[in-house]
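Let's take a friendly walk through this model, from helix packing to the nonpolar cores and a few backbone details.

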Amino acid sequence: MLNNKKKKRSTAATAAQRVVLGGMPQEEEEVLQSPLQMVVESFVRDKIAMAGVILFTFIFLCCVFLPYLFPIDLYYQDVTQANVAPGFGMLNVPSALKDNALDLSVGSSFSVGLDNNGNVYEWGTFPNEKLKNIPSASETGKLVQISAGLDHVIAVNEDGQIFTWGNDRMGLTSIPMDLRTGGNHIKQILAGYQISLALTEEGEMYNWGSDYLLSITYPEGVQGNIEKFAASTNIVMVLTKDGRVVPLTSKASAYTNIPEDIQGQVVDLALTDECAAALTSDGVVHTWGNNIKKGLDVPEEIQGQVASLSSGRYHFTAVLKDGTLKGWGDNTHGQASAPAGVQVSSVESGYYANYAITQDGSVRAWGLKGYLMGTDALGRDLFRRMLVGGRMTMTVGAIAVIISTIIGIVVGGISGYKGGKVDNLLMRLTEIVSSIPFLPFCIILSSILGNRISETQRIILIMCILGLLSWPGIARLVRGSVLAEREQEFVTAAKALGVKEFGIIFRHILPNVITVIIVNATLNFATCMLTESSLSFIGFGVNEPNATWGNMLTGAQNGQVIENYWWRWVFPALMLGICTISINCIGDGLRDAIDPKSKER
């Protein structure tokens with residue numbers, strides 16, 4: 001009787017525990033733990049596998065979402081930004097110059113400046129090492145003006161003598177003799193794109209270097225009557241002393257469509273690589289040319305209030321009569337976002353950056369600070385291309401795995417269940433497909449099709465070929481698993497209930513082998529990514545301008561790139577390596593979690 005009471009109390013206590021604490025006691029919960037829970041717990045305890053999950057998830061999310069925050073124009077190219085090293089020091093003005101600046105100038109990826117004592121400062125990313133060979137003060141005397149170009153610098157001292165350093169090709173060191181000896185009153189200098197320009201107080205202009213792109217010609221009556229000049233990579237234009245704008249070219253273009261109603265009233269002139277802007281005496285800005293980069297969209301609120309103009313590669317900066325700033329045009333790197341409420345005495349704009357000397361003598365900078373992963377040979381931002389390329393590589397790999405997994409499950413499932421002649425026929429087909437050499441097949445197919453298909457069709461074709469040729473492995477695996485499962489009691493029971501064969505294969509047997517399929521598909525994903533990258537690397541996969549991690553590595557075949565431009569191959573190779581290793585770690589972790597005995601083998 002006492003024992004019965006204890007049993008009742010024990011049963012009542014257990015029931016109360018279930019109600020209050022929820023679920024079974026700890027001992028019973030462990031006994032009733034499902035196989036899926038055991039697999040998940042085992043996988044979570046695998047530190048290497050979890051590290052792979054975290055790394056792959058991070059890379060995947062970056063490639064999916066960051067392109068929306070860092071949009072990219074796949075057709076964008078800019079030779080002025082070619083092979084720029086990683087870093088964000090382009091606007092780091094030396095501390096000795098911040099409150100003592102006399103003149104500043106923006107180059108392609110570097111900048112130069114003069115302090116009030118004539119000392120030269122350089123900062124940023126230098127296109128060539130020769131830019132660091134600054135002439136000594138004993139050789140130049142006190143410098144009073146300086147200008148930076150694509151990859152060279154020119155400066156003038158207080159005696160009117162001009163010096164240059166940096167790129168010494170294309171005649172850039174061939175300074176006219178009149179400017180070498182000094183004695184001139186230099187009003188303006190400019191280190192342009194493969195050319196140098198200088199203007200004297202007398203209105204005489206000199207040019208040296210390569211004028212192949214500009215084809216400079218001086219119309220009659222211009223020399224000796226020049227007040228100011230402006231140049232882009234396409235043209236040189238001058239502002240005459242009588243307020244007229246004159247292009248120094250005989251070729252008609254969008255630049256030469258100068259509004260006639262402004263002639264004789266212009267007081268300032270600025271050029272970008274797409275359009276021109278002229279400031280008339282009433283403070284109104286007039287623009288003409290191409291509006292691809294929105295250079296013609298002058299803010300209405302500044303019209304009538306502009307005191308001077310400066311320009312970069314695709315943007316304008318205006319100093320208003322009250323000393324404040326306003327920018328417009330291309331703002332990809334923030335170069336058109338002039339600081340508000342700042343009182344300035346002068347502004348220097350160029351390429352993708354701006355410097356302003358404020359009325360208290362300090363320096364403010366805005367625009368392109370640098371590139372996280374540098375640029376390639378065409379001046380494209382590698383970080384943005386890495387994001388888009390990762391998305392493309394993962395998409396190709398994922399769709400190829402889906403195709404191969406579906407085919408492998410169907411073929412392997414039917415072959416394993418049916419057996420006999422059907423099994424023999426399907427396995428011989430599997431052997432034929434697996435014997436096809438993948439890379440040579442893709443290369444031959446790409447050569448035959450050539451330019452007959454679009455790039456989108458080529459990408460779809462690559463995904464399909466990858467999927468159609470990589471299913472034999474998973475088909476064999478599914479076949480072996482189905483062979484083991486078809487003799488189980490639940491299959492016999494399903495047959496006795498009249499379940500159709502396809503139902504038995506895909507509704508009863510397949511769920512029991514799905515974990516093995518998942519592991520194989522995970523590992524196959526990494527293989528497909530590597531295969532796509534290999535094809536793109538040798539030029540038979542996804543082609544430019546579309547980016548993948550594989551075709552970003554194509555330039556690494558050049559020894560000069562490997563030696564001098566390490567960032568062009570290190571970052572794509574690193575991302576591809578981390579991604580594939582992470583996927584393999586995930587696959588190994590799943591395999592060990594599903595089959596703990598695999599660790600012992």
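## Helices, cores and backbone

H10 passes H11 in a right-handed crossing, meaning that the near helix is turned clockwise from the far one by less than a right angle, with anticlockwise giving left-handed. This is a predicted model, in which local features need pLDDT of at least 70, side-chain atom pairs count only at pLDDT 80 or more, and totals for chains, interfaces and linings use all residues. Residues are numbered from 1 along each chain as its sequence is written, and side-chain values use heavy atoms, without hydrogens and water.

Helices (H or I, at least four residues) and strands (E, at least two) are DSSP runs numbered from the N terminus. Here are two helix pairs, with axes fitted to C-alpha atoms over the stretch in contact and angles running from 0 to 180 degrees between N-to-C directions.

| Pair | Angle | Axis distance |
|---|---|---|
| H10 (residues 438-449) and H11 (residues 455-469) | about 150° | 12 Å |
| H4 (residues 47-69) and H8 | about 115° | 9 Å |

H10 and H11 are therefore roughly antiparallel, a term for angles over 145 degrees. Contact here means heavy atoms within 4.5 Å. In H10, the residues meeting H11 include Phe438, Phe441 and Leu445, and their partners in H11 include Leu461 and Ile465. This contact divides into nine nonpolar residues, one polar and one charged. For this count, Ala, Val, Leu, Ile, Met, Phe, Trp, Tyr, Cys and Pro are nonpolar, Asp, Glu, Lys and Arg are charged, and the others, Gly among them, are polar.

H4 and H8 cross in a left-handed way. Among the residues making the contact are Phe56 and Tyr68 of H4, and Arg391 and Met394 of H8.

Which residues have the most contacts inside the largest nonpolar core? They are Met394, Met529, Trp549 and Cys579, in a core of 50 residues. A core is a set of buried Ala, Val, Leu, Ile, Met, Phe, Trp, Tyr and Cys residues joined through side-chain atoms within 4.5 Å. Its largest share, eleven residues, comes from H8 (residues 382-418). Apart from this core lies another of 14 residues, among them Ala230 and Tyr255.

Now for the backbone. The peptide bond from Glu544 to Pro545 is cis, with omega near 5°. Met170 has a positive phi of about 55° and is partly exposed, at 34% relative accessible area. Lys294 has phi near 65° and is exposed at 54%. Buried means under 20%, exposed over 50% and partly exposed in between (1.4 Å probe, protein chains only).

Definitions and conventions:
Angles under 35 degrees count as roughly parallel, over 145 as roughly antiparallel, 65 to 115 as roughly perpendicular and the rest as oblique.
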